[in-house]
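I opened my notebook to get to know a new structure, one entry at a time. Come along and look with me.

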Amino acid sequence: MTERPQTNVERTGSRGFRVALFILLTLAIALRIFGAWCFAYSASSDHGIACLMAKHIAEGRIWPVFYYGQPYMGSLEPFVSSLFCRVFGFSGFAVNLGTALAGILLLPFIYLWGRDAGGRSGGLASLTLCLIGSLVFYQYQCWSYGGYAMLVLISTALLWLTARTIEKKRRQMSTHLHYVVLGLLAGVGWWTSQLITQTLIAAALLYIVVLRRKAFHRKVLSALPAFVAGSLPFWIWNWNHDWATLRYFAGSTGRSEFGAGLRRFFTDSFFAAIGIGDTPPPFRSPANVLSVIVPALILIALAVLIGEIRRNGLRGTSIHLLAAFLLLATSATFFAASTSRFAAIPAGRYMLPLFPAIAVLIGRATGHLDRRLPFKLGWLPLLLMVGFQAVLLTVYLAWGTSGPPRMKTVRDFGALLRRLDINTVYAPFTSRGPNHSLNYLLNEEFVFSDPCDERYPPYAEQVELAARTAVLCNYDHFDDFLESTGGSAATEGVEAHYVSYNAKAPDGGLEEISPQRWTAATDPRISDGNVGTFWHPSGTDGEKDWLEVGFREEFEITAIRIISRTGRYPGTWQVQAADASGAWRDVTPEMSVRRYFWSGPKFYRGGRTYRVECRFPPEQASAIRIRVAPAATEIAELQIFSPGTAADYSVDELMTLIEKRGLKNVYSDRWLANLLYQRDLPGVRVFGEPSILSRTSSLLPSRIEFTPDTGFVVNREDAPMTRRVLSAAGVDAEETSIAQRIVFDEFSGDLSGAPELFWTGRTCVTRHREPVDATPQTAVKAVFEKGIQFLGLSISRPDPVAESDLAISYYWRCPATVTIDDLVTFVHFKGPGNSLFQDDHALLEHVDTSYQRKDEVLVEKRTMRIPADAIPGEYEIALGIYDSRPPHKRLSVETDLNVRRQAVVMPVLFTVSRSRPAR
């Protein structure tokens, strides 16, 4: 039989199809280059990090495996962008070209997948929909953000190649190479982003569902070593970093139950995937029309798939259609069931792998309608979508045209910093105004960083060790900090970009008013030199509580400092003073607490030596009190100061003494520790910031190591507290005075107490908890998962009255190796007629378990309000533990007592009576 010759009509149709395909591809490529230009001057901090990575790679400075600060997104895309930086020089546009290249390489795969699912018309329709795509799809095809364009490319290629491999397997044409390619793609995709998980599941399901028993054969094994090879950077990095990626996801907070998550996916995440949820306000009405068209076209594609399977079984186009539907199904399941906090965010970029699959389904539905409707009306829904997308390009055009003026402002701001001789600036990583992205916009001439939230360690160290630092745009309300501490700074700027610079510490030294001169305090534990004990405000939400201290005589006070070992400082505070008659007056207004503090002549933000201080004009006072917001506040130590001699920041004589004494373990405040760190003296270790400074072998732990070459360097106002703590621990020391500092060394006496002494940054403290009665009134023996033991409870009274407080102490043993951050204790009080009230709270909420002794009994004291409507009668107590992360699993328990749904029923009852009416 001879082959029928091709007619002129067919040749013309084929030629027209090729022309249309060429025009679409050319236009799509041009649009991606246009998008790279539109986002060239983006001030997004995450985009800035991707640009910095590409720059550092192009310069040969560093070869990062992961996106800076994210152990879950590989750096393949920045590596590609670095090639364009090598050719065209570093710029946001050059970096975006690397992303645009991934977007361009995606186009053939979209066409091929659409063609195999619906013929040439299906391929053209799918490609047409992705010509621009949704707002979020187009943006991340042109704009470098770490790896999303590469993720979509790999995901799409993987699913299409899986379907093609299935077809070849059926025809006995598959080879080891096919499976090696699939394995490599899967491995590189896994390294690029674990968001490819749903694609991997969809591909595996497709392979098994179509081939069934034939799916399992020796050639498939070729994919496994290929996957390991492709993802090798991921495994090597995690092996050397304690599996940080897995720990990152394990620590993610969860979301609601599966059903609610599934509903949220189809009402939020799905529309985010096609861009409707991200539509700017002027375009929301047309977008709402699309929210009807898109599901309708997908349902048509589903009907087509069902019809093809009924007629021909799973073969040919139905395999490719099924691949798209499986990705939709696995994505819905993945994001509905995932415990990752990212799953709860309907951000379009997390749904990007879905868009090509949706395009394939819409392309197939378009081809189906085209064959059944006259006058090409079947293309109308698709053309409406593309027209809407084209209109949205005006959003990015406006962004692109506004870039050069914004960049001029940035350059003028750089000129200002140059004139002011400012090299390092505290800046937020992300904000709606100027932020960390200034590093890339100004080509790293200056460093903008907050060491507490820095993704690139060299920046953190440079800001930490700089002689002086400015603050960008009043970051974290820097002016509030200056006002509350008596500091000062100058301010200059260019339009919305400004800095506070030449910051000066408060004038004058301090002298501590010793607690021995106090007559009384609200809680004596605030002056015991022990951060293991603390005062916790008793006020409820919305109220404030007072911490009061009286003096034996009137003192002139000028400063207050508080220390919280856990960093639980109040959100606001206010200081009042009393005169000799006992009349109170405001010394300060109500002040916001910021994370800045002074050390030497320089300010810092956060870190393990963070403390809260305020200064005010000297006031004569017979007592002071501090009003604080109660939420989660823990004040471990309070220091009160009178004016002292002027501060002296000279260090030459001190450095000479340190070298002369041969001190190798030097505990000092942050500013001085940084000076010693920079001098890099042989064998000398200092108490620096381990999360910031990279040479960790040069840093001392907070637990004090008493050796013959250990020394403390404290400011004169902190020497009395240091003496008190050392004396209480039975430790003697030699003291040497140098200007405003005291050097403590040559330690002797009972050094066995050393494990109980810790350094705060200014002085030493103990951390032991106050002795407690470890014998509960009602003993219980119950062992929960993870080895957590419940030992019993004590109740303040057996017959509480409604609307009264009931104090309950819970007794625990908790292995020091167990992380309890996500564990919640639930306590249910069940009374007559199934009446119920409860006291659910974080396990050991106000008990610090970080330095417990072996087998120590931890006592958790709680005060619970008996509800006013509590039904009188006897109440039983049931107690258990659950994991706050979904699925909120209750921990299993072993005990001889009655257990009801993993809650231990206590062998004790209490009786509630009606509240007494007020007289």
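This is a predicted model: local features need pLDDT of at least 70, side-chain atom pairs count only at pLDDT 80 or more; totals for chains, interfaces and linings use all residues.

**Entry 1: the patch.** Helix 1, residues 8–38, gives the largest share of the patch, 3 residues. I then looked up L397 and found it in helix 16, which covers residues 380–420.

**Entry 2: the whole chain.** How many helices and strands does it have? I noted 22 helices and 33 strands. Along the principal axes, the C-alpha atoms fill a box of roughly 115 × 75 × 55 Å. The chain has 919 residues, and 55% of them count as buried. I looked at contacts too: of those with a separation of 6 or more, 73% are between residues 24 or more positions apart. The chain exposes about 39,900 Å², and carbon and sulfur atoms supply 56% of that area.

**Entry 3: helix 21.** Is this helix mostly covered or mostly open? I found helix 21, residues 670–679, mostly covered, with 7 of its 10 residues buried. The buried ones are R670, W671, L672, A673, N674, L676 and Y677.

**Entry 4: charges.** I looked up the charged side chains next and noted 93 positive and 86 negative ones. The centres of the two sets lie 15 Å apart. Side chains of opposite charge can pair when their charged atoms come close. How many salt bridges are there? The count comes to 37.

**Entry 5: K55 and E59.** I picked one pair to begin with. K55 and E59 form a salt bridge, with 2.7 Å between the closest N and O atoms. Is K55 buried or exposed? K55 counts as buried because its relative accessibility is 7%, and the cut-off is under 20%. E59 has a relative accessibility of 45%, so E59 counts as partly exposed.

**Entry 6: R594 and D476.** These two side chains meet in a salt bridge at 3.8 Å, N to O. The pair links distant parts of the chain, 118 residues apart. R594 sits in the loop between strand 11 (591–592) and strand 12 (596–599), while D476 sits in the loop between strand 3 (470–472) and helix 19 (478–485). D476 has a relative accessible area of 18%, so D476 is buried.

**Entry 7: D718 and R561.** My last pair is a salt bridge with its closest N and O atoms 3.1 Å apart. D718 and R561 also link distant parts of the chain, being 157 residues apart. I found D718 in the loop between strand 18 (710–715) and helix 22 (719–728), and R561 in strand 8, residues 545–563. Both D718 and R561 are buried. Which residues join them in a network of salt bridges that share partners? The network holds R561, R611, E613, R615, D669, E717, D718 and R762.

Technical notes:
Residues are numbered from 1 along each chain as its sequence is written. Side-chain values use heavy atoms; hydrogens and water are left out. Buried means under 20% relative accessible area, exposed over 50%, partly exposed in between (1.4 Å probe, protein chains only). Helices (H or I, at least four residues) and strands (E, at least two) are DSSP runs, numbered from the N terminus. Contact means heavy atoms within 4.5 Å. Accessible areas come from the Shrake-Rupley method with a 1.4 Å probe; for residues, only the protein chains shown count as cover. Lys and Arg count as positive and Asp and Glu as negative; His and the chain ends are not counted. The place of a charge is taken as NZ of Lys, CZ of Arg, CG of Asp or CD of Glu. A salt bridge is a side-chain nitrogen of Lys or Arg within 4 Å of a carboxyl oxygen of Asp or Glu.
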